[in-house]
Amino acid sequence: MKESFYMTNMCPQNHNLNSKSWNNLEQHVRYLASRSECIYVCTGPIVENTDQTIGRDRKIVVPQAFFKVLLRQDKGEWKAIGFVMENKSEGTKLGIAHFARTIDEIEQQTGIDFFYNLPDSVENDIEAGYDLRDWRLQ
């Protein structure tokens, strides 16, 4: 638990986002994890510019958004979904489904190839779309 409080594991996040929409997403992921055999979760910041910073000495960059991508196998079939939330107060009353994105969209925005270890035929299929029902969001 102590390791999760290192500065290398922290990003400045808008308080309203952190306590509302992002918190709802994290709670939903914990719910999914408790009902899944295996689930992979990747989370991180999206920094498109470094203009906004906090701190006097270190100038820590404030991300413009945050992503979370999920991958799980359900009855032998792979399923994936992603979420992007802007690092601001607006939209905090919207449901989680509003922030859903394809993995392809998030890969394009972040430059990260998330599930490259999967066979290309599986990776290409699951990263191109999602079904909210697979994630209990509808």
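**View 1. The open sheet of four strands, in the order S1-S4-S5-S6, is paired in the antiparallel sense.** The edge strands, each pairing on one side only, are strand S1 (39–46) and strand S6 (100–101). Helix H2 (residues 21–34) packs on the sheet and touches S1, strand S4 (65–74) and S5, its direction making about 15° with that of S4. Strands (E, at least two residues) and helices (H or I, at least four residues) are DSSP runs, numbered from the N terminus. Two strands are taken to pair if DSSP finds at least two bridges between them. Contact means heavy atoms within 4.5 Å. Axes are lines fitted to C-alpha atoms, for helices over the stretch in contact, and angles run from 0 to 180 degrees between N-to-C directions. The model is predicted: local features need pLDDT of at least 70, side-chain atom pairs count only at pLDDT 80 or more, and totals for chains, interfaces and linings use all residues. Residues are numbered from 1 along each chain as its sequence is written, and side-chain values use heavy atoms, with hydrogens and water left out.

**View 2. Bridges link the neighbouring strands of the sheet.** Eight bridges join S1 and S4 in the antiparallel sense, and Cys42 has Val69 in S4 as its bridge partner. S4 and S5 also run antiparallel, joined by 10 bridges; here Val69 stands opposite Gly82 in S5. Between strand S5 (residues 77–86) and S6 there are two bridges, again antiparallel, and Gly82 stands opposite Arg101 in S6. S4 is mostly covered, with eight of its 10 residues buried; buried means under 20% relative accessible area, exposed over 50%, and partly exposed in between (1.4 Å probe, protein chains only).

**View 3. Lys75 lies in the loop between S4 and S5.** The hairpin of these strands has two residues between them, and within this hairpin Lys75 takes a positive phi near 55°. Lys75 is not a glycine. With a relative accessibility of 83%, Lys75 counts as exposed.

View 4. Ile106 counts as buried because its relative accessibility is 0%. The C-alpha atoms of Ile106 and Phe83 are separated by 8.0 Å, the two residues being 23 residues apart along the chain.

View 5. At 14% relative accessibility, His28 is classed as buried. Arg136 lies in the segment after helix H4 (120–128) and has a positive phi of about 55°, although Arg136 is not a glycine.

**View 6. A nonpolar surface patch of about 660 Å² is made by Met1, Phe5, Met7, Met10, Ile54 and Ile60.** Met1 lies in the segment before helix H1 (15–19) and is exposed, with a relative accessible area of 80%. Patches are made of residues with over 30% relative accessible area and no salt bridge; like charges are joined within 9 Å, and nonpolar side chains (Val, Leu, Ile, Met, Phe, Trp, Tyr) within 5 Å. A salt bridge is a side-chain nitrogen of Lys or Arg within 4 Å of a carboxyl oxygen of Asp or Glu. Accessible areas come from the Shrake-Rupley method with a 1.4 Å probe, and for residues only the protein chains shown count as cover.
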